[in-house]
Amino acid sequence: MKTIIAAALATTALVGTASAEGITEFRIGILGGENAQDRLNSNECLRAYTEEALGVETKLFAPADYAGVIQGLVGGTLDMAWLGASAYAATYLQNPDAVEPVLVKINLDGSFGYHSIGFARADSGITNLDEMEGKVFGFGDPNSTSGYLIPSIEVPQYKDGITMDSGDYFGEVKFTGGHEQTIVAVNNGDIDAGVTWADGQGAWEDGYNSGALRKAVDAGLVDMNDLVEIWKSKPIPEGPIVLRKDLPEDVKATMTALVDNMYDTDKDCTYSISAGESLGFDPITHEAYVSVIEARKAKSN
């Protein structure tokens with residue numbers, strides 16, 4: 001903790017201290033994807049930095065599902081979150097004035113895209129979607145971009161006859177609750193295949209450079225040699241870190257600068273909060289997500 005506080009003080013000196021007028025605490029929401037305690041642990045460094053920079057008590061919230069974070073942002077009970085593109089779209093469609101995107105994770109090659117990855121056990125004999133007919137396909141959360149929205153659009157485009165209805169092409173289409181749950185379910189043989197997210201860069205054996213597979217490898221949940229990739233989506237725009245729009249401007253500026261500078265001030269914290277190897281976070285705007293918002297709107301019609 002002494003190391004965290006010392007680093008926080010150094011970061012505060014770089015970004016300046018917000019007066020935090022108008023707020024008495026700061027609340028950060030963390031999307032599902034792994035169990036709640038791991039999510040809290042991964043973001044504890046960010047909580048400590050934020051508390052020091054803003055001078056107000058900072059709390060982490062890890063709801064059971066994506067909807068919990070979305071509703072917290074829409075209702076004004078959360079001040080900040082890293083959303084997937086679809087979760088941002090859902091938030092925007094419910095209330096365009098709730099949040100503003102400020103930063104996006106940057107991959108090692110400088111891009112800010114990632115992929116929905118379909119995977120199965122290596123010993124299952126499944127190597128592509130052709131071999132998934134009649135089998136159980138798992139998705140994470142209905143508000144997940146890579147865990148549902150994009151595969152629900154692109155998987156049926158793989159070939160004629162594939163739909164997302166249970167008992168049609170796939171024997172069953174089911175939601176597991178999140179990325180970690182999907183990975184564990186496939187690894188344990190509870191479902192035949194599933195989808196999760198990864199930057200698609202680096203080695204498969206490492207779970208790629210960043211994403212849910214990398215987090216699962218780091219946590220010792222899976223050996224990637226036991227899994228095989230069976231499908232990969234087109235590139236998806238990485239979701240944004242968002243801030244509540246009606247926060248004081250100095251608070252928004254301080255938090256944006258704090259996370260923007262994190263790669264230079266604490267690479268270990270950057271690794272923890274960005275789900276693996278990255279170049280940290282860079283500025284992003286709403287315009288980057290217009291296509292995902294339109295896709296989300298089309299799915300709901």
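Author: Let us begin with the disulfide: the torsion about the S-S bond of Cys45 and Cys269 is about 85°, so this disulfide is right-handed. The model is a predicted one, in which local features need pLDDT of at least 70 and side-chain atom pairs count only at pLDDT 80 or more, whereas totals for chains, interfaces and linings use all residues. Residues are numbered from 1 along each chain as its sequence is written, and side-chain values use heavy atoms, with hydrogens and water left out.

Reader: What is a disulfide, and how far apart are the sulfur atoms of Cys45 and Cys269?

Author: In general, a disulfide is a covalent bond between the sulfur atoms of two cysteines. Here the term is applied to a pair of cysteine sulfur atoms within 2.5 Å. The sulfur atoms of Cys45 and Cys269 are 2.1 Å apart, and the count by this rule comes to one disulfide. The bond links distant parts of the chain, for Cys45 lies in helix α2 (residues 36-54) and Cys269 in helix α10 (residues 267-273), 224 residues apart. Helices (H or I, at least four residues) and strands (E, at least two) are DSSP runs, numbered from the N terminus.

Reader: How do strands pair in a sheet, and in which order do the six strands stand here?

Author: Strands of a sheet pair through backbone hydrogen bonds, either parallel or antiparallel. Two strands are taken as paired if DSSP finds at least two bridges between them. In this model six strands form an open sheet in the order β2-β1-β3-β11-β4-β12, with mixed pairing. At the edges stand β2 (57-61) and β12 (281-283), each with a single partner strand, so one side of each has no neighbour in the sheet. From one strand to the next the twist averages 25°. Strand β1 (residues 25-30) pairs with β2 in the parallel sense over five bridges, and Phe26 stands opposite Thr58 in β2.

Reader: Which strands does helix α3 touch?

Author: Contact means heavy atoms within 4.5 Å. Helix α3 packs on the sheet and touches β1, β3 (80-82), β4 (99-105) and β11 (240-244); its direction makes about 145° with that of β3.

Reader: How are α4 and α5 each set against α11?

Author: The angle between α4 and α11 is about 70°, with their axes 9 Å apart, which makes α4 roughly perpendicular to α11. Helix α5 (residues 145-154) packs with helix α11 (residues 290-300) at about 75°, their axes being 11 Å apart; α5 is therefore roughly perpendicular to α11.

Note on methods:
Axes fitted to C-alpha atoms, helices over the stretch in contact; angles between N-to-C directions. Parallel < 35°, antiparallel > 145°, perpendicular 65-115°, else oblique.
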